Amino acid sequence: MTAVPAKGWVLQWAPWLIPVLFVLQAFFSSRLENWIHPTSFEASPVQRMDKRVASTLRAVAYVTGNKVLVGHLFWIGVIQYYGNDDNAGTRWAKLYDYCCLASDLNPQFISIYTFGANALAFHLKRYDQAAQLLAKGIKANPEAIRLKYLLAAIGFQSSDRVDLMIPVLEEEASRPDAPPLLVNILANTYEKMGRYEDAIQIWKKQLKEGDTDEKRIVAGQKLQEIYAILKSGKPGNRR
Amino acid sequence: MSRILSLTTFTFRELIRSNMLFVWLVWVVVLCGLAFLLSILSFGSILEIFMDLGLAGMEMAGLMVLLLGLAATYNTEMEQKAVFLHLAKPLTRGEYLLGRILGFFLVISLVVVGMGLVVVGLVVFVGGGTVPAMFYNSVVFLLLEMFVLTVVGMTYQAIGTSMAGVVLYSFFTIFLGHLVGEVEWLLTQQLSNGVKDMLKTVYYILPNLEAFNLKDRLYDPNLVLGWAQWQDALLYAFSYSFVVFLIGWINLEKKEFR
């Protein structure tokens, strides 16, 4: 006959083990918390959309632990909103708020920023909102070069917001692996702003270090163009 | 050890026979349908959306199996007194509890990993895409979350006095466990001291399920996942589960089955 096994030392030590392990789990919980949430919760302020909708969506996302899933579902709602002609009367006033909320829930979903910024800038001509949305996207996704290009394009399109794109372009162009197109955009922007010396420096560098004949020819032509402007004695801000 | 393993096998078979794998089948169909619908309606990377949905679906399927399993086994074990058959054998109540936990966890793992294979298969072979390494890490973290919740659920079963109670306790633990991640933020807000004390208590007592929630950060370029993080996650899962297991065991020892 098999004897009933002893309850063992674990139960005897349980009154000591429980508090020790409880403190240990609290310690690891706090450490993991700092890792999983390096920055504290931050919600974009809503201006045009119903605050109750935003709060409810955030609550559902956080309580169920499915921010990305709720973000994807809400994103479909945003697309439906933009696709609905009934909202043309208000010029899609809630679009920016909707994109901000969708990006709060799903900050790594690049399409929110590209779609939202394109619609806001090139269709609705709300360049400031488009730039703010893209700045948020770039902060959350520093490696997403598409967003930087788009911010630069919006700055170029909106002549009064060229200031937005220069710091972004300078940072990107200073990288060793900066795409040549980006460097060219920076040089053209300097020229547009009337910063000819900065533009000349970039084109000279391109003329000297350009890895194809085409790039060196373009650089040479641009230098001629700028020197002609300076020679004509009418340099200045070409905006 | 063999006693625990026999009970694990028994629990595994019991759950499989109670058609728990249908949950897996239903979720696969629901997931594929939802992903297909979203890919038509949405704007963005279809495969990215599909993988996000897949991970959310895996978690939901695992939780569904856990809650349904807890309800089904409470009925047979506690109300129909099947627990007598186990405890009449040379088995401690701690071994009984551990065997049940491992059996539950095996079935849940089967469902979660099965769904993961479907998602990876569809992404690679149908979508022609690639699965990021973080996806596999997320699945392992999901399994850790499921293990912690299984221990909590089985402890509720040992403590609880009704099936509805056990399911409801587990249900609210899952929801509040995800909110624990935001408690630190809530503590910085202007709240009364009483509320803050209550929040702190909740923060330390409930499982911090956000610690295992990698699925929301699958594409986060700022996420660092090295040995140190793995170590913390494993030690947290182990220490929390062990505390809850001991509480469940002590309660089971004190329980008088009539």
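R58(A) and D104(A) form a salt bridge in which the closest N and O atoms lie 3.1 Å apart; a salt bridge is a side-chain nitrogen of Lys or Arg within 4 Å of a carboxyl oxygen of Asp or Glu. This pair links distant parts of the chain, with R58(A) in helix 2 (residues 51-64) of chain A and D104(A) in helix 4 (residues 95-105) of chain A, 46 residues apart. Helices here are DSSP runs (H or I, at least four residues), numbered from the N terminus. Over all chains, the structure holds 15 salt bridges. Side chains of opposite charge can pair when their charged atoms come close.

The model is a predicted one, in which local features need pLDDT of at least 70 and side-chain atom pairs count only at pLDDT 80 or more, while totals for chains, interfaces and linings use all residues. Residues are numbered from 1 along each chain as its sequence is written, chains are lettered from A and ligands numbered from 1 in the order in which they are written, and side-chain values use heavy atoms, with hydrogens and water left out.

The two chains meet at an interface. There, 59 residues of chain B are in contact with 50 residues of chain A, contact meaning heavy atoms within 4.5 Å. Between them the chains bury about 4900 Å², 69% of it on carbon and sulfur atoms; buried area is the accessible area (1.4 Å probe) that two parts lose on being put together, summed over both. F43(B), D216(B) and D232(B) supply 12% of the area that chain B buries against chain A, more than any other three residues.

D232(B) also takes part in a salt bridge with R31(A) (2.8 Å, N to O), and the count between chain B and chain A is three salt bridges.

On a 1 Å grid over the protein atoms alone, a cavity is a set of points where a 1.4 Å probe fits but cannot get out, and a pocket is an open set with protein on both sides within 12 Å along at least five of seven lines; lining residues have an atom within 4 Å of a point. Two cavities of 30 Å³ or more are counted. The largest holds about 50 Å³ of space, and its lining includes V68(A) and F109(A) from chain A together with E48(B) and D216(B) from chain B.

The second largest cavity holds about 30 Å³. M78(B), Y96(B), L97(B), M154(B), Q157(B), A158(B) and L252(B) line this cavity, and helix 6 of chain B gives the largest share, three residues. Its lining divides into six nonpolar, one polar and no charged residues.

The second largest pocket holds about 420 Å³ of space. Of its 16 lining residues, A173(A), V183(A), K205(A), Q206(A) and E209(A) lie nearest its centre. Helix 10 of chain A gives the most to this lining, with four residues.

How values were computed:
Points joined across faces, edges and corners; volume = space filled by probe spheres on them. Helix = DSSP H or I, 4+ residues; strand = E, 2+ residues; numbered from the N terminus. Nonpolar A, V, L, I, M, F, W, Y, C, P; charged D, E, K, R; others polar.
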